[in-house]
Amino acid sequence: MTAKADSSPSGAAPGARSLHRFANPGRFLRASARVQTWLWAAAALVLGAGLVWGLFLSPADWQQGQTVRIMYVHVPMAWLAMGGYTALAVASIMSLIWRHPLADLFARELSPVGALVTALCLATGSLWGRPMWGTWWVWDARLTSVLVLFFLWLGHAALTRAFEDQERGARVGAILALVGIVNIPIVKFSVDWWNTLHQPASVTRLDAPGMHVDILYPLLTCAFGFSLLFGAVVLARTRAAVMERRIRALQLARARREEAAGA
Amino acid sequence: MTRKKRRLYILLLCGLGLGSATALTLTAFQDNLVFFRSPSDIMREAPPANRAFRLGGLVEAGSLERATGADGKPTANFRVTDGAHAIRVSYAGVLPDLFREGQGVVTLGTMLPDGSFRASEVLARHDETYMPPEVADALKRAGHWNPAQGAAPPPAEWNTAPRRGG
Amino acid sequence: MTHTFFIAASYALVLLGFGALVLDAARRHASAKRLLAELDPRGDRP
């Protein structure tokens, strides 16, 4: 996709910029095609191993018994919800400062995935809390701030799709994403700053992790596997979005050609 | 280029303002963000009578008495401590699975005139220690740790060590 | 102290959620690729 940029529907945009706009996604599609295959394969391999390890091979916990196994899906969802949001903020900065068109598409495709992951984090946490704490939900600082994170993801997904003009939607969404970034340190440190029902961090502690290696290693494997799968899904969605935009441009160009031929 | 620089500075300035506004708000609402109060907090500042609040801490070792109430429901009496102070708690109902001496709890209820706490809800608080039962048993056998007395020994003592016993 | 229901429900939710994501992404990707090949057969895409 090189000189075909002149079929761009945004004829008002300066020529050089619209060229850059289409040249870049073309390179992105080619480069990501190879990455994608490896990403899917690695995700299937690592996640498969991690889930079998966590669900069947790892030991029970001395207090929680078998219920500790919920952690192998709950904690990766929590890390992805926060890590994914940080990626959204980085994409938003790239969108606002450098007006990078790929960053807009990436952010737009990322937020529904992030919202789902955060919802899964809340749901699995609730399923753990009921037998262990004795309650499905409490309004402590950790749980409440993660709920806010979920609404930020949802809000971003809805806002970027609410405008007729996609670029304007991306701009507004990027601002929301950057305002919402203040919530990330609050989620992370809520368990240290305030009394919460939720326990403090076990893995990312300054001293040794408060988790035995027989439980820690399957957790890290699951977290890595889910991250790979998350990355593969977001990459496939972004690639699809790039192609869909190209399709719209081609369809528009074809309609214009037919119109011109008919006149 | 200058336009990009300007956008960058505007963004940094907004971030600074937003960050400090959030920090100020969180500091101002500090008291409301606390999910439970410790026995020391209660000693320092007595809560208003008949107002429900949450009391949290560790279940004191050797303080738990279970019984069956007149209506056949299980009841429990125990002391919640934070090391410095302890408050007696009475509760009628089923205790959660993780509840045991030495374990963190959060209870919802009111102070009684005699200085004890009447709980209508007891939630177990999980600590951040995860280990297989064999490792916990080995530690207990070696005399390193009595779970009723408090938290597990520092992870460096047991975490990278090869598994014993079991 | 086994809570099989809670464990099974957690894993089922996560697998269902990610399964739906993967299927949707694969479907969108495949249909976009097909349509693009139709509209622009000589375009140098993957």
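Predicted model: local features only at pLDDT ≥ 70, side-chain atom pairs only at ≥ 80, totals over all residues.
I take pLDDT as the predictor's confidence in each residue, from 0 to 100, and I count a contact when heavy atoms are within 4.5 Å.

Residues are numbered from 1 along each chain as its sequence is written, chains are lettered from A, and side-chain values use heavy atoms, with hydrogens and water left out.

**Confidence, chain B.** I looked up residues 161–166 of chain B: pLDDT stays under 50 there, and the model has 10 contacts beyond four places in sequence for that stretch. Chain B as a whole averages a pLDDT of 83, with 93% of the residues at 70 or higher.

**Interface, A against B.** I found 47 residues of chain A in contact with 42 of chain B. The buried area (accessible area, 1.4 Å probe, that two parts lose on being put together, summed over both) comes to about 3800 Å², and carbon and sulfur atoms give 61% of it. A:Trp62, A:Ile97 and A:His212 supply 20% of what chain A buries against chain B, more than any other three residues.
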